[in-house]
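Have a look at it first, then go through the points below.

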There are 2 protein chains.
Amino acid sequence: MDRVQLSHGSGGRLMHQLVSDFFVPAFDLRTLNDSAVVDFPSSGRIALTTDSYVVSPYFFPGGDIGLLSVCGTVNDLSMVGAKPLYMTAGFILEEGLPIDDLKCILASMKAVSEKIGLRIVAGDTKVVEKCKGDGIYINTAGMGVVPEEIDLSPKQIRPGDKVIISGSIGNHGMAVMAERSGITFDPPLISDVCPLNSLVDAMLSATRDIRVMRDPTRGGLATTLKEFANDSGCCMMIHEESLQVRSAVQGACDLLGLDPLYVANEGVLLTIVTPSAAENLVAAMRKTEAGADACIIGEVKETPHRTVLLKTAIGGSRIIDMLSGEQLPRIC
Amino acid sequence: MDRVQLSHGSGGRLMHQLVSDFFVPAFDLRTLNDSAVVDFPSSGRIALTTDSYVVSPYFFPGGDIGLLSVCGTVNDLSMVGAKPLYMTAGFILEEGLPIDDLKCILASMKAVSEKIGLRIVAGDTKVVEKCKGDGIYINTAGMGVVPEEIDLSPKQIRPGDKVIISGSIGNHGMAVMAERSGITFDPPLISDVCPLNSLVDAMLSATRDIRVMRDPTRGGLATTLKEFANDSGCCMMIHEESLQVRSAVQGACDLLGLDPLYVANEGVLLTIVTPSAAENLVAAMRKTEAGADACIIGEVKETPHRTVLLKTAIGGSRIIDMLSGEQLPRIC
């Protein structure tokens with residue numbers, strides 16, 4: 001039996017076998033039924049997050065849907081300053097999914113979650129008929145603990161603050177798009193998908209003057225900046241020449257008529273910090289793998305309110321809005 | 001715009017609008033990004049659970065996929081003795097889903113979660129192309145707190161214990177099957193989907209001698225009994241005449257060649273309790289809405305080990321195994 005069958009989802013013997021053969025060895029499941037019961041630190045608040053992953057194709061240069069699902073969960077927890085502790089994973093498998101593909105995906109999840117020290121404690125598997133899914137969808141929920149003294153929010157953004165990004169943009173979205181469309185680039189496009197928890201640890205150790213952090217995934221950097229502008233009431237002024245876009249990503253964007261500002265990232269974070277802490281923070285970020293290319297890309301202005309302004313290299317400026325309409329479906 | 005479009009999933013303005021128009025009013029979302037940060041009782045352990053819901057059709061007699069997703073989550077938490085506190089919900093919408101259907105489903109989730117006092121604090125929405133999904137899939141994760149003194153497990157089952165069920169079996173699975181196949185029955189088949197947390201509260205208040213509780217969903221009563229037998233090493237001896245199967249359910253099962261023992265339930269729990277506590281527990285269960293038809297259906301024997309035996313009305317007995325192969329796909 002080398003493909004998933006409908007009967008793998010019926011709750012009977014085949015499902016039990018699928019779970020015990022593949023899911024139990026990959027995860028740290030506390031139970032095969034109902035709820036996992038876990039210990040938890042008695043101080044601090046709890047961070048909860050959920051995401052569904054429907055990326056197409058489910059294998060792409062630099063990763064797969066399994067790696068993406070763990071990293072996405074870890075990163076959402078990390079962005080509020082939480083230490084990721086536990087994760088759940090629900091799988092919606094399409095009838096006919098090659099079992100070997102499932103094994104690869106589970107192996108990715110196991111490897112990265114073990115590296116991070118994140119425990120996958122509860123899971124669920126459903127199977128849908130052919131053409132009612134697309135190979136595999138994964139939904140995760142993550143739980144972490146936020147130290148009492150940490151309270152990050154875009155509402156804390158003030159005029160004069162600096163805007164910092166941890167690396168180059170557009171890598172994930174364009175790697176998936178290229179793989180999907182069968183176009184190859186030289187040098188190849190590779191997703192930036194990676195866990196950001198170590199980078200965040202280094203940042204929180206370096207300064208307590210961080211206002212907010214966020215990973216610009218769907219909707220890209222532009223959408224996250226616009227959310228910050230809306231939530232703070234301030235203006236985000238970004239210097240175009242400080243943004244890093246790899247040449248292959250820029251080339252692919254030009255070819256497909258896309259703007260890298262709106263392309264999804266899965267291993268980049270955007271942070272806003274007090275002006276006095278900015279240089280030290282960039283230095284601390286650059287000492288980590290995920291933050292090696294960190295740099296200041298702009299600053300917060302009081303006006304125009306709720307606006308993102310991109311200052312171009314030749315001295316002009318353009319207003320950046322949220323992504324409107326469809327750009328890149330099923331990128332995560 | 002009366003149908004979901006791919007651009008509703010792209011992370012841009014349309015997605016923000018969908019979320020703020022429909023999801024924010026329905027839920028108690030703490031953030032529209034990253035992680036929700038919540039308070040938590042400092043004593044007790046934490047229960048975590050996840051489930052994906054892919055039921056077809058997503059409206060069925062007695063409920064819909066939204067009600068099912070909240071009840072399923074609450075029930076999984078309740079089965080380990082946890083008080084349900086928080087829930088996350090991830091939605092995978094198929095392009096073309098009628099917005100009115102989505103609104104109905106969210107309204108169901110809001111109504112039942114508010115009744116229970118469960119807060120839906122984080123969510124996610126993805127949209128997939130036509131024929132890559134089936135209207136709507138929902139994945140939930142639930143979090144609750146387990147009082148220190150409660151530790152339910154099939155490993156605590158002992159010979160002599162009594163087996164109790166809270167109501168009649170097969171109602172959910174057959175209601176969904178009938179709706180899917182377009183067969184009508186008189187009286188109509190209605191799903192039993194309901195939250196079991198109040199029933200569990202009443203049970204835990206009545207006695208501390210409960211060994212284990214479980215809701216026999218996919219795979220039905222037979223599969224749950226077999227899990228208890230395997231995990232305890234004991235024999236579950238069940239008296240066939242004590243099982244309640246509504247006449248319409250039995251009729252539908254006969255017509256479709258199904259055994260109600262293997263049909264999914266969504267508002268029934270099975271519990272195993274010390275012999276001395278059994279009668280009192282049944283009396284306490286019967287005072288609740290969900291447990292009105294509770295009764296003792298059998299007892300635990302030492303041998304044959306890891307076996308479920310069904311004693312028939314005429315004095316014979318047959319061995320009940322797990323569901324083998326496919327019976328009822330996409331019932332939950």
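1. Which residue lies over the face of Tyr53(B)? That's Lys126(A), at 5.8 Å from the ring centre. Turn to the other pairing and the charged end of Lys126(B) sits over the ring of Tyr53(A), 5.8 Å from its centre. The rule used: NZ of Lys or CZ of Arg within 6 Å of the ring centre and within 35 degrees of the ring normal.

2. Before going on, the ground rules. This is a predicted model, where local features need pLDDT of at least 70, side-chain atom pairs count only at pLDDT 80 or more, and totals for chains, interfaces and linings use all residues. Residues are numbered from 1 along each chain as written, chains are lettered from A in the order in which they are written, and side-chain values use heavy atoms, without hydrogens and water.

3. Strand β11 of chain B (residues 270–273) is a DSSP run of E, at least two residues, numbered from the N terminus. Leu270(B) and Ile272(B) point one way, Thr271(B) and Val273(B) the other, and all are buried, meaning under 20% relative accessible area with a 1.4 Å probe, protein chains only.

4. β11(B) runs antiparallel to β8 (residues 162–165) of chain B, with four bridges; pairing takes at least two DSSP bridges. Here Val163(B) stands opposite Ile272(B). Four bridges also join β9 (residues 210–214) of chain B to β11(B), again antiparallel, and Ile210(B) stands opposite Val273(B).

Conventions
Buried means under 20% relative accessible area, exposed over 50%, partly exposed in between (1.4 Å probe, protein chains only).
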